[in-house]
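Have a look at the model before you read on.

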Amino acid sequence: MKQTHVLFVCLGNICRSPTAQAVFEKKALERGLRDWFVVDSAGTGDWHLGEPPHERTVLAAQRAGYDLSCLRARQVRPEDFQRFDFIFAMDESNLGNLRREAPRQHHSQIALFLEYAGMPRPWEVPDPYGGGMSGFQRVLALIERACECLLDRLCEYHQQEQNPVS
Ligand code: 4NP
C-alpha cells in the first residue's frame, strides 16, 4: 500500500501543529485507517527545537484524550517538500513561509489546513501561545472539527492513489 504522507506546520511546533498531528492520528486510528497515513508536524521557526509541546497544549489535549508526550519540536527541512504529499499550514503567515522555502521542484501540495479541509472562513487557526487556557481549548476544538473533514478528503485521495487512472 502506498501511504499518504501529511505534515502539519505552525510557527513554533509546540502548540497548533503537534495538536493537529495527535488529533489526526487518533481519528485515523478510530476509523481503522492509521496505517494509511504517515503523519508529522514541524515549525517554520527555530526557537523551540527539541522541546516538548507547550504545557497548556499538552493539558488541553490530555483532557480530551490525546497524548502528546512523545512529540518534540523540529523545524521544516528541505526534504519535507519531497517526502510529504501534503503540507498544511495553520495560518497565512506560515503558508507564505512554506511557499518561500519550497524548492522550485517539489512534490508536496502546500495548503491552508482549514481551507483544504473545507471549513468555513476564517481559515487561520489562531495562535494560542502566550494566552490563557481557554484559547488552547478553542484551538483544540477547531482542530478536532477540521481533522474529521480533512480525513474524509484525504481518504478519497488515498484511495485514488492506490489505483491511479493512467
Ligand atoms: P505554535 O505557537 O506556532 O502554534 O507552536 C507558537 C509557539 C511559539 C511562538 C509563537 C507561536 N514563539 O514566538 O515562540
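**Notes on the fold**

1. You'll find His48 in the loop between E2 and helix H2 (55–63). Helices (H or I, at least four residues) and strands (E, at least two) are DSSP runs, numbered from the N terminus.

2. A word on what you're looking at: this is a predicted model, where local features need pLDDT of at least 70, side-chain atom pairs count only at pLDDT 80 or more, and totals for chains, interfaces and linings use all residues. Residues are numbered from 1 along each chain as its sequence is written, and side-chain values use heavy atoms, with hydrogens and water left out.

3. Which residues is His48 in contact with, leaving aside its neighbours within four places in sequence? They are Gly12, Ile14, Ala73 and Tyr129, where contact means heavy atoms within 4.5 Å.

4. Follow that to Ile14, which sits in the loop between E1 and H1. Ile14 has 5% relative accessibility, so Ile14 counts as buried too. Not counting residues up to four places away in sequence, Ile14 touches His48, Pro52, Pro53, His54, Thr57, Ala73 and Tyr129. The C-alpha atoms of Ile14 and Arg99 are separated by 21 Å, and these residues are 85 apart along the chain.

5. Now zoom out. The chain has 6 helices and 4 strands, and along the sequence they follow the pattern β-α-β-α-α-β-α-β-α-α.

6. The 4 strands make an open sheet in the order E2-E1-E3-E4, with parallel pairing (two strands pair if DSSP finds at least two bridges between them). Strand E2 (37–43) and strand E4 (109–112) are at the edges with a single partner strand each, so one side of each has no neighbour in the sheet. From one strand to the next, the twist averages 20°; axes are lines fitted to C-alpha atoms, for helices over the stretch in contact, and angles run from 0 to 180 degrees between N-to-C directions.

7. Look at E1 (residues 4–10) next: E1 and E2 pair in the parallel sense over 7 bridges. The bridge partner of Thr4 in E2 is Phe37. Helix H4 (residues 92–101) packs on the sheet and touches E1, strand E3 (86–89) and E4, and the direction of H4 makes about 165° with that of E4.

8. Is E2 enclosed or open? In E2, 6 of the 7 residues are buried, so E2 is largely enclosed by the rest of the structure. Leu7 stands opposite Asp40 in E2. From E1 the chain crosses through helix H1 (residues 16–30) to E2, and this β-α-β crossover is right-handed: with the strands pointing away from the viewer, the path from the first strand over the helix to the second runs clockwise.

9. Last, the whole chain. Of its 166 residues, 52% count as buried. Among contacts between residues at least 6 apart in sequence, 74% join residues at least 24 apart. The C-alpha atoms fill a box of roughly 50 × 35 × 30 Å, taken along the principal axes.

Definitions and conventions: Buried means under 20% relative accessible area, exposed over 50%, partly exposed in between (1.4 Å probe, protein chains only).
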